[in-house]
Amino acid sequence: VVAVAFRLYSRKHIPKDLTLSEENVHASAALMECHSLSIRAPIYPDVALNLPIDYVLSKLPHPSELSFTLTSTSMKDADEDDSEPTIDIHSILQSMTPPSCFGMAASQQAKDGSNLLASPIRQQQILSPGKIFTPSGNSLPRPPLAPEMAPEDDDSLWQTNKFASEYMCNFFQARTSALSVGSGSQVESILVSLISRLRHLSKEMPSKTHDERRNVLKGLLHQILMSKSFGEDQIECCDVPPAQSKATIVTEWRKACERLYKRACSKLSSTEEGHGNGTTAILTDSRCNGHISQNGSFERNVRLPAAIKATRLAGAGVSKNVPLITSVEDSYLDIAEKSVIPKAHKISYIKRLKAKCASISSDEFGVALTDDSDGEGGEDTTGSRGSYMAAVIGVAASLKAAEMVVGGQCV
């Protein structure tokens with residue numbers, strides 16, 4: 001979020017130096033002993049860099065709470081729009097300068113009344129899906145609803161049609177051939193069973209400890225994902241009615257499972273303990289510092305501590321909702337090295353690179369790790385004795401991050 005905000009600010013409001021040719025960039029980089037990208041990097045004003053970004057981020061709602069429907073927007077368009085608003089750094093800076101800092105612009109706008117933007121109508125609960133669309137909802141407070149817009153009772157919020165679209169519900173009711181391996185009713189029973197379990201667990205959650213809530217949420221989310229795959233297999237074996245498309249049914253089944261997944265995260269999360277919705281974890285490992293390249297390399301080792309420092313300034317390691325995890329378990333390293341990396345690289349290449357790194361002395365760095373087309377060391381890929389381990393840990397950290405998201409620990 002912060003990176004995108006600064007990137008848009010630099011594009012729109014920081015003028016580019018058009019006098020810098022490619023030769024001048026390389027010459028300046030050599031003179032300053034830095035990478036050429038740092039010469040081209042935009043120079044932000046101090047006031048922008050010193051903005052209380054941690055405060056701004058703390059006021060942002062969870063991404064699932066950002067979806068809303070404007071009265072002028074169709075339900076389908078609003079529901080399929082997954083884009084998130086971007087922090088406008090320029091507007092923040094403008095609001096800190098006269099006359100905006102005195103509130104004069106807002107008061108003048110209130111007097112005119114002509115340029116006021118209508119507040120979007122936010123939905124308090126998950127909408128009943130139409131024929132083909134993904135409903136969304138949030139838990140933000142809103143003014144009392146009119147009688148005709150009053151929220152539905154608790155039972156209605158757990159009905160099948162709150163998760164499955166009308167198109168999917170029609171498939172549930174369709175008759176299939178006696179020779180068909182699967183049927184719509186069997187797929188429906190999977191969804192009904194998951195909804196029933198989620199409803200039961202949501203009532204039990206208040207009495208459970210934090211660790212129990214974590215394990216329950218992880219187990220349920222894993223069950224939803226496995227049931228999603230099982231349901232897809234059932235649909236592939238079904239005889240689909242002529243009026244329906246099997247591809248569309250599979251898509252709608254995935255959407256139904258996604259709604260159920262989101263509802264589980266919303267109901268079973270423990271935000272006060274930094275678990276579930278609203279939690280963003282930062283993963284790192286000190287062994288990544290063992291990758292030391294040349295000073296002019298893209299992968300300069302100074303970037304890692306600089307990135308960790310930035311996350312700490314943004315609240316990582318201090319706020320419960322932004323935990324800073326400083327190590328990756330060896331079990332993830334084993335999976336990364338033995339199962340994942342061989343899927344992307346040949347075994348011979350992995351062994352050669354591992355042996356190359358092991359042959360480098362502990363006081364050497366910036367050594368060419370790969371060969372170019374002439375059989376000589378490639379200057380663009382350099383490292384040190386710890387480069388191989390750092391690469392494996394990078395993959396292992398990604399695996400751990402994926403498991404944390406799938407398990408509901410960070411959503």
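Which residues of helix 11 are buried? In this predicted model, the buried positions of helix 11 are R213, V216, L217, L220, L221, I224, S227, G231, E232, Q234 and I235. These residues pack against helix 9, helix 10, helix 12 and helix 16 (387-406). Helix 11 comprises 27 residues, and the distance from its first C-alpha to its last is 39 Å, close to the 39 Å expected at 1.5 Å a residue.

The largest nonpolar core contains 34 residues, and those with the most contacts inside it are M168, F171, I224, I235, W253, L260 and L268. At least two residues of this core are supplied by each of helix 9 (166-173), helix 10 (184-204), helix 11 (210-236) and helix 12. The greatest contribution to this core, 10 residues, is that of helix 12.

At the start of helix 12, a side-chain oxygen of S245 lies within 3.4 Å of the backbone nitrogen of A247. For L268, when residues up to four places away in sequence are not counted, the residues touched are L198, L201, S202, M205, R213, V216, L217 and L220. R213, V216, L217 and L220 are also among the buried residues of helix 11. A further side-chain arrangement involves R263, which lies over the face of W158 at 4.9 Å from the ring centre.

Aromatic pairing was considered next. A pair of aromatic rings is described by the distance of the centres and the angle of the planes. The structure holds 3 aromatic pairs. In the pair of F6 and Y44, the ring centres are 5.2 Å apart and the planes meet at 85 degrees, an angle over 60 degrees, and the pair is therefore edge-to-face. This pair links distant parts of the chain, with F6 in helix 1 (residues 2-13) and Y44 in the loop between helix 3 (36-40) and helix 4 (46-49), 38 residues apart. F6 has a relative accessible area of 14% and is buried. One aromatic cluster is formed by F6, Y9 and Y44. The rings of F171 and F172 also form an aromatic pair, which is tilted, with 6.4 Å centre to centre and 50 degrees between the planes. Both members of this pair are buried: F171 has a relative accessibility of 1%, and F172 has a relative accessible area of 3%.

Y388 is located in helix 16. With a relative accessible area of 12%, Y388 falls under the 20% cut-off and therefore counts as buried. Not counting residues up to four places away in sequence, Y388 touches E337, I350, K354 and C357.

Most residues other than glycine have a negative phi, and most peptide bonds are trans. The peptide bond from P98 to P99 is cis, with omega near 0 degrees. P99 is situated in the loop between helix 7 (89-95) and helix 8 (104-112).

Note on methods. Residues numbered from 1 in each chain as written. Predicted model: local features only at pLDDT ≥ 70, side-chain atom pairs only at ≥ 80, totals over all residues. Heavy atoms only, no water. Polar contact = N/O pair within 3.5 Å; in protein donor to acceptor, adjacent residues only side chain to side chain. Helix = DSSP H or I, 4+ residues; strand = E, 2+ residues; numbered from the N terminus. Core = buried A, V, L, I, M, F, W, Y, C linked by side-chain atoms within 4.5 Å. Buried < 20%, exposed > 50% of the residue type's maximum accessible area, 1.4 Å probe, protein only. Contact = heavy atoms within 4.5 Å. Expected span 1.5 Å × (residues − 1). Phe/Tyr/Trp six-rings, centres within 6.5 Å; stacked < 30°, edge-to-face > 60°. Lys NZ or Arg CZ within 6 Å of the ring centre and 35° of its normal.
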